[in-house]
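Here is a short report on the local features of one protein model. Keep the structure open while you read.

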Amino acid sequence: MVSRWVPSQANTAWAISMAPHIDRRHLGDIKLSAGTTLKFDANIIGEPVPHVDWRAGGNPLNLRPIWEKCAQTEGDTPKGKVLDLIEGNQYEFRVLAVNKGGPGEPSDPTAPHPNPIWEKCAQTEGDTPKGKVLDLIEGNQYEFRVLAVNKGGPGEPSDPTAPHIARAKKVLLCPIWEKCAQTEGDTPKGKVLDLIEGNQYEFRVLAVNKGGPGEPSDPTAPHIARAKKVSPYINRDQLSDIKVRAGSNFEFDINVIGEPIPTKEWLCNDITIISKDRFKIVNDDKSTKLKVFDSKRGDSGIYTLAVKNSWGTDKGTAKVTVLDIPSPPEGPLKPSNITKSSCNLEWRAPRDDGGTDILHYVVEKMDMETGRWVPMGDVSGTYTRAENLIEGHDYNFRVKAVNKIGESLPLVCQSPITAKDPFGRPDRPGQPTVTDWGKDHVDLEWTPPKKDGGSPISQYIIEKKPKYGPWEKACIVPANITATSVPDLKEGEEYEFRVIAVNKGGPGEPSKASAPVTCKPRFVAPVIDQYALQDMTVKAGTRPTSSLSKAQEYNPFITLLFKNFVLDLNEDVPGKPSKPEATDVDKDHIKIKWQQPISNGGSAIKGYEVERRERTSGRWIKITPDPIRSNTKFLNNKVMKGLYSWAFEREEVGRQPCQKTEPHGRGS
């Protein structure tokens with residue numbers, strides 16, 4: 001058999017498609033203290049040269065260079081030497097000028113400088129100027145240099161070669177023709193068996209007769225031995241879920257087998273992806289690649305690879321999550337339960353959490369007078385109470401959702417609100433009236449306020465005032481009660497009382513003060529001081545007198561007997577009338593009224609005398625020439641102008657001053 005194969009020039013063949021492979025010998029678990037430097041050194045091979053992506057916890061690492069001081073020169077010499085470099089590491093260098101003010105801005109860094117490791121890799125015999133290097137690691141980059149050696153030792157090395165990457169060689173076509181099949185008769189077809197799948201073959205045919213084989217035909221085009229009918233199959237080990245930050249790129253590179261070559265289709269959420277704009281699809285016979293540039297939140301979803309040929313179909317899926325800031329919280333954001341210093345705020349969670357959990361919400365307020373947004377704090381839920389508002393100021397509010405990527409756009413109130421209570425304070429209650437008293441208590445009664453301020457009365461506050469003391473709280477009464485007994489009073493002390501109504505708006509104005517009342521027993525049986533009753537001797541015609549001490553609230557009726565005859569006692573003066581009240585005051589008159597005394601002194605009241613006291617001089621002046629029988633007096637403009645206190649006296653046997661009124665002014 002004669003071959004017509006003519007050898008070409010020698011060529012180095014290497015793989016043009018090779019899956020990436022990581023040399024894991026230098027990758028292992030590491031434990032180290034916080035603050036120390038972590039370093040991994042791993043060899044990677046693949047064709048084309050693979051993209052390397054370092055991640056921690058599933059998140060891409062932002063690799064940054066670490067600048068360290070490595071040398072220092074004296075003076076302004078513009079050169080220096082760097083020592084203690086680690087052989088094989090790659091370095092960049094920059095320079096900073098230093099003066100008394102400190103270091104200045106650094107220069108631009110140099111291009112990366114490797115610090116190569118030179119190792120002996122081969123040796124030749126004699127002066128043959130060629131050799132073969134073995135045991136290289138496929139995918140690593142190497143440079144080579146040569147040193148001549150004689151008896152004196154090795155000389156200076158040559159300049160290094162350009163960098164070379166060690167790649168796997170393809171098996172060259174075998175130039176040896178082998179008999180692989182034989183047919184019977186002149187049938188112009190046959191079947192070749194026992195081929196190795198994946199190997200490339202050429203075939204030729206020789207006709208044979210009794211004279212032997214003839215010249216071979218021209219060889220066929222090269223053919224790769226492979227199955228003819230193979231259902232599509234997707235390598236699912238390469239189709240895994242992806243999480244990536246918005247703005248980053250991501251890709252799928254999937255190996256696919258099938259014969260005939262299957263069609264390949266990429267879908268996202270069941271929608272076919274077309275290779276354009278940010279999406280790029282590259283298909284070949286045995287693989288397909290989908291790359292997405294500048295990813296958006298909307299690129300998240302289920303990605304499906306569907307392959308199909310005449311013998312079947314196959315589908316594989318992977319979930320892609322593009323992490324981004326959340327969408328704004330759902331509204332409306334409408335304040336409620338507004339008061340003068342606070343209000344409630346409520347909203348709903350955002351429709352899209354950005355692919356990761358919501359950590360909290362940032363709530364801000366803006367006083368419309370300042371126009372500045374001020375944080376109110378972080379809130380874990382969708383409700384908060386805005387506190388510390390200034391009464392009468394207008395406010396607006398906004399809320400932002402926060403996840404680990406960042407803050408969302410804000411949800412803003414539709415319109416500002418005014419910090420004020422939704423209701424007013426109640427009116428003052430009616431003036432309390434003393435209905436009973438004792439040595440340590442006083443019973444009061446009053447009428448409710450005419451207006452409750454828009455909110456029901458919640459309670460009444462009773463205040464007391466000693467004669468020479470300030471107003472102070474005495475007790476609290478429920479809203480449905482308008483009478484009470486004020487306890488814990490001091491016997492013999494004179495008190496005034498007033499009532500304050502309270503609703504949600506707070507306490508209203510206090511009522512007018514009650515009439516003064518002294519805490520003492522109201523009903524006491526009369527007691528005669530027996531020591532005051534002494535025997536006496538008097539001259540005939542004179543009047544015997546005796547002073548008796550009596551303990552009572554009202555003047556008791558006294559009867560004196562002599563030999564079983566009732567003696568006629570001298571009449572006593574009446575008690576003092578009540579404190580006068582001005583019931584009608586105008587510029588030309590004052591109408592005053594009072595109550596008659598409790599005791600009439602033992603005889604009927606003949607009338608009353610009225611006095612006035614001028615504030616400037618302090619003198620009491622009688623203004624009624626004759627006693628008046630009525631307990632009401634109308635004073636016209638003939639009375640002297642100015643500020644006065646009024647007092648009243650009653651006349652029977654003697655006179656008893658009454659209580660004084662508050663000063664009243666009279667103008668023209």
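## Surface, strands and salt bridges

Phe40 sits in the loop between β1 (18-22) and β2 (44-47). Its relative accessibility is 32%, so Phe40 counts as partly exposed. The coordinates come from a predicted model.

**Surface patches**

Phe40 belongs to a nonpolar surface patch of about 730 Å².

Which residues form the positive surface patch? Lys243, Arg245, Lys319 and Lys404 do. Arg245 is placed in strand β18 (residues 242-245). With a relative accessible area of 42%, Arg245 is partly exposed.

**Strand β20 and its partners**

Strand β20 covers residues 263-268 and pairs with strand β24 (residues 301-309). The two strands run in the antiparallel sense, over 6 bridges. Within this pairing, Cys268 faces Tyr303 of β24 from the opposite position.

Strand β20 also pairs with strand β21 (residues 271-272). Here 2 bridges join the strands, again antiparallel. Which residue of β21 stands opposite Cys268? It is Ile271.

Strands β20 and β21 form a hairpin with 2 residues between them. In this hairpin, Asn269 takes a positive phi near 50 degrees.

Most residues other than glycine have a negative phi, and most peptide bonds are trans. Several places in this model are worth checking against that background.

What is the phi of Asp194? The value is near 60 degrees, which is positive. Asp194 is placed in the loop between β12 (164-165) and β13 (200-201). At 79% relative accessibility, Asp194 counts as exposed.

Asp488 has a positive phi too, near 55 degrees. Asp488 lies in the loop between β37 (483-486) and β38 (494-503). Its relative accessible area is 68%, so Asp488 is exposed.

Next come the cis peptide bonds. One runs from Glu259 to Pro260, with omega near 0 degrees. Pro260 is found in the loop between β19 (250-259) and β20. Another cis bond joins Gly331 and Pro332, and its omega is about 5 degrees. Pro332 lies in the loop between β25 (312-323) and β26 (343-346).

**Salt bridges**

Side chains of opposite charge can pair when their charged atoms come close. How many salt bridges does the structure hold? There are 14.

| Pair | N to O distance |
|---|---|
| Lys296 and Asp294 | 3.1 Å |
| Asp353 and Arg297 | 4.0 Å |
| Glu472 and Lys464 | 3.8 Å |

Take Asp353 and Arg297, which form a salt bridge. Asp353 lies in the loop between β26 and β27 (360-367), and Arg297 in the loop between β23 (287-292) and β24, so the pair ties together parts that are 56 residues apart in sequence. Asp353 has 30% relative accessibility and counts as partly exposed. Arg297 is partly exposed as well, at 21%.

Lys296 pairs with Asp294. Lys296 is partly exposed, at 39% relative accessibility. Asp294 is also partly exposed, with a relative accessible area of 35%.

The salt bridge of Glu472 and Lys464 has one partner of each kind below. Is Lys464 buried or exposed? Lys464 is buried, with a relative accessible area of 12%. Buried means under 20% relative accessible area, and that is why the 12% of Lys464 places it in this class. Glu472, at 36% relative accessibility, counts as partly exposed.

Finally, some charged side chains are linked in a network of salt bridges. The members are Glu364, Arg398, Lys400 and Glu407.

Technical notes. Residues numbered from 1 in each chain as written. Predicted model: local features only at pLDDT ≥ 70, side-chain atom pairs only at ≥ 80, totals over all residues. Heavy atoms only, no water. Patch = residues over 30% accessible without salt bridge, like charges linked within 9 Å, V, L, I, M, F, W, Y side chains within 5 Å. Areas by Shrake-Rupley, 256 points an atom, 1.4 Å probe, with all protein chains shown as cover. Lys, Arg positive; Asp, Glu negative; His and termini not counted. Charge placed at Lys NZ, Arg CZ, Asp CG, Glu CD. Helix = DSSP H or I, 4+ residues; strand = E, 2+ residues; numbered from the N terminus. Buried < 20%, exposed > 50% of the residue type's maximum accessible area, 1.4 Å probe, protein only. Pairing = 2+ DSSP bridges.
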